[in-house]
Structures are given as structure tokens and as C-alpha cells.
Amino acid sequence: MKNVTLHTLAQLKQDGEKFTCLTAYDATFAQVLNQAGVEVILVGDSLGMVLQGNDSTLPVTVEEMAYHTACVKRGNSSSLIMADLPFMSYATTEQALDSAAALMQAGAHMVKLEGGAWLADTVEALSERGIPVCAHLGLTPQSVNKLGGYKVQGREEDSAVQLLQDARALEQAGASVLLLECVPSSLAKQLTEIAGVPVIGIGAGADTDGQVLVLHDMLGITPGRRPRFVKDFMSEADSIEGAVSAYVNAVKGGLFPSAEHGFA
Ligand code: KIV
């Protein structure tokens, strides 16, 4: 795989070709994802749950994110590395600049942050300084306490309108990628058609430009109830490499996600 850049993702969107993203937190899995042709590796703050065993992503620190980003960088050859700015590390623009600098210096190619139009100034400041930003909308896990749980967002008319306005404001502020988590498939389709930048979905139906899953979820090793939008690709594979390749083929072939993985 040639080095994946923001231009690659934009071209794939323009050509109507789906791209893939999976989380990884270490060098070995980064290499597995590269070899399977996963375009984007997300060093997600989900590591707070799947690696650290916390019940949310809130305890994760910038130092921990930088450590895992550096591990992924050492295993990566060609994927675009996106790293999460963790909870409260971008509460002010100054904090966001410092936190993003730490992740970029650890090896990230872009950062992801969670929230709506209130983040426009922060996105603009990062983007102006050469730091590409992915804006995560819909179910934003760092706000789980405010949201009252891990619930589908944008089902009501006013929240759907708000989400579309937030997406537009963040794109205008310079966001290079949008990520939608747990929103109705029809809303994600509408937003993806309007957006001028690539849109990645998780629990957002089949019509976003790219798809993402947490690696441990799609390998079927996350304890507890499996969320509706997850498919266990390991159950029909004979190796981890095989499961990751099956995911890539299913996304690119339009077979994943199917209607059963989405929300109305
Ligand atoms: O942290 C993470 O893994 C994420 C995905 C759920 C998109 O943000």
C-alpha cells in the first residue's frame, strides 16, 4: 500500500470507493493492519477501556496517548495514523495546541477530538498550524456522563439539525475528516452527501465514506454484550490477519455494515 494521506482519503471519497479504519495501540497490530491494507489506524482513547479496563475513556491521559501513538508509529509503514485527544486535553485552545503537539511529535499524522460547533476555534487554530483534525460527532464517548449513557444520537428532528449544523461549522473551521458514531443511517447518509470532506462511520450505516471499528470488538474479544454495530470477524476466520482482511474486503465490497448493524 502506498502511503495514505488526507489526499488519498479525499480521492477515495470522490471516486465513491470505501476506505477502512481500525483501532490499534501497539506496533504489532499496526503492522497487521498495514498488511491488510487498512487505510487509517486510529490510536483511540478506547484504549482506556480495552487495554486499561476502565469503564469509560475519561481516565486516559495525553502521556498515555503519546506512548501508544509512538508504539503504533514504530510498527506502521503506510497507514495514516489518527490519534485521539483525550478527555479535557482540549478544553481550551491553548491546551489543545499543547496536547496535539505531543501526539504529532509521537508520530500521529492527525488528531481527533469530540464535540460540536463550540470547537470551531480550536479546530481552526490546530488546522492553521498544520495539524489536521478529525471531528467526532454523534455519540461522543468522552461526554457519556452528560449524554446519560452510550445512546444513539440525532434521532429527533432538532438534534439531527444540530448535528448537521455542527458538522458544517467544523468543516468550515478546517476539519479534514468527520467521524459519526451511533447516528441513524439516513442522517449519516445525508451528512456524507453534503460534506466536502471524508466521513467515517461507526454505527452510522453503510453510506459513510469510511468505516471504523475497535479492533478488540471486531476480533470478538471484548467482554460483555456486543454493540449492535459490531461484527465479530474472527468467528469465521482462522487467524487475526484473516479476520482483519475479511473486514477490509467486507467494507470495500459494501457487505459491511449491513442494515442489522445500523440504527433507524
Ligand atoms: O476511541 C476510539 O476507539 C474511537 C472509536 C470508537 C471511533 O473513538
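**The largest cavity has a volume of about 50 Å³.** The model is a predicted one, in which local features need pLDDT of at least 70 and side-chain atom pairs pLDDT 80 or more, while totals for chains, interfaces and linings use all residues. Residues are numbered from 1 along each chain as its sequence is written, and side-chain values use heavy atoms, without hydrogens or water. One cavity of 30 Å³ or more is present in the structure. On a 1 Å grid over the protein atoms alone, a cavity is a set of points where a 1.4 Å probe fits but cannot get out; a pocket is an open set with protein on both sides within 12 Å along at least five of seven lines; lining residues have an atom within 4 Å of a point. Points are joined across faces, edges and corners, and a volume is the space filled by probe spheres set on them. The lining of the largest cavity consists of Ile202, Gly203, Ala204, Gly205, Gln211, Val212, Leu213, Phe229, Phe256, Pro257 and His261. Strand 8 gives the most to this lining, with three residues (helices, H or I, of at least four residues and strands, E, of at least two are DSSP runs numbered from the N terminus). Seven of the lining residues are nonpolar, four are polar and none is charged (Ala, Val, Leu, Ile, Met, Phe, Trp, Tyr, Cys and Pro count as nonpolar, Asp, Glu, Lys and Arg as charged, and the others, Gly among them, as polar).

**Phe256 and Pro257 are joined by a cis peptide bond.** The omega angle of this bond is about 0 degrees. Pro257 belongs to the segment after helix 11. Both Phe256 and Pro257 are among the residues that line the largest cavity.

**The largest pocket has a volume of about 900 Å³.** It is lined by 38 residues, of which Met49, Glu181, Asp217, Pro227 and Phe229 are the closest to its centre. Two or more lining residues come from each of helix 3 (47-50), strand 4 (110-114), strand 6 (177-181), strand 8 (210-213) and helix 10 (215-218). By class, the lining has 19 nonpolar, nine polar and ten charged residues. Phe229 is also listed in the lining of the largest cavity.

**The second largest pocket has a volume of about 520 Å³.** Its lining holds 21 residues, and those closest to the pocket centre are Gly115, Gly116, Trp118, Thr140 and Ser143. Strand 5 (133-138), helix 7 (144-147) and helix 8 each give two or more residues. Helix 8 gives the most, with four residues. The lining residues are split into eight nonpolar, ten polar and three charged.

**Helix 8 (residues 157-173) packs with helix 9 (residues 185-194), their axes coming within 11 Å and crossing at roughly 25 degrees.** Axes are lines fitted to C-alpha atoms, for helices over the stretch in contact, and angles run from 0 to 180 degrees between N-to-C directions. Helix 8 and helix 9 are therefore roughly parallel (under 35 degrees; over 145 is roughly antiparallel, 65 to 115 roughly perpendicular and the rest oblique). Their crossing is right-handed, that is, the near helix is turned clockwise from the far one by less than a right angle, anticlockwise being left-handed. Ala160, Leu163, Leu164 and Ala167 of helix 8 meet Leu187, Gln190, Leu191 and Ile194 of helix 9 (contact means heavy atoms within 4.5 Å). The contact residues of helix 8 and helix 9 comprise seven nonpolar, one polar and no charged.

**Helix 6 (residues 120-128) also packs with helix 8, with axes that come within 8 Å and cross at roughly 25 degrees.** Helix 6 and helix 8 are therefore roughly parallel to each other. The crossing of helix 6 with helix 8 is right-handed. From helix 6, Ala120, Val123, Glu124 and Ser127 take part, and from helix 8, Ala169, Leu170 and Ala173. This contact has five nonpolar, one polar and one charged residues.

**Helix 2 (residues 27-36) and helix 11 (residues 240-252) pack at about 45 degrees, with axes 9 Å apart.** This angle makes helix 2 oblique to helix 11. Helix 2 and helix 11 have a right-handed crossing. Phe29, Val32, Leu33 and Ala36 of helix 2 make the contact with Ile240, Glu241, Val244, Ser245 and Val248 of helix 11. The residues in this contact are seven nonpolar, one polar and one charged.

**Met88 and Cys182 have a positive phi although neither is a glycine.** Met88 has a phi of about 65 degrees and lies in the loop between strand 3 (80-84) and helix 5 (93-106). Cys182 has a phi of about 50 degrees and lies in the loop between strand 6 and helix 9.
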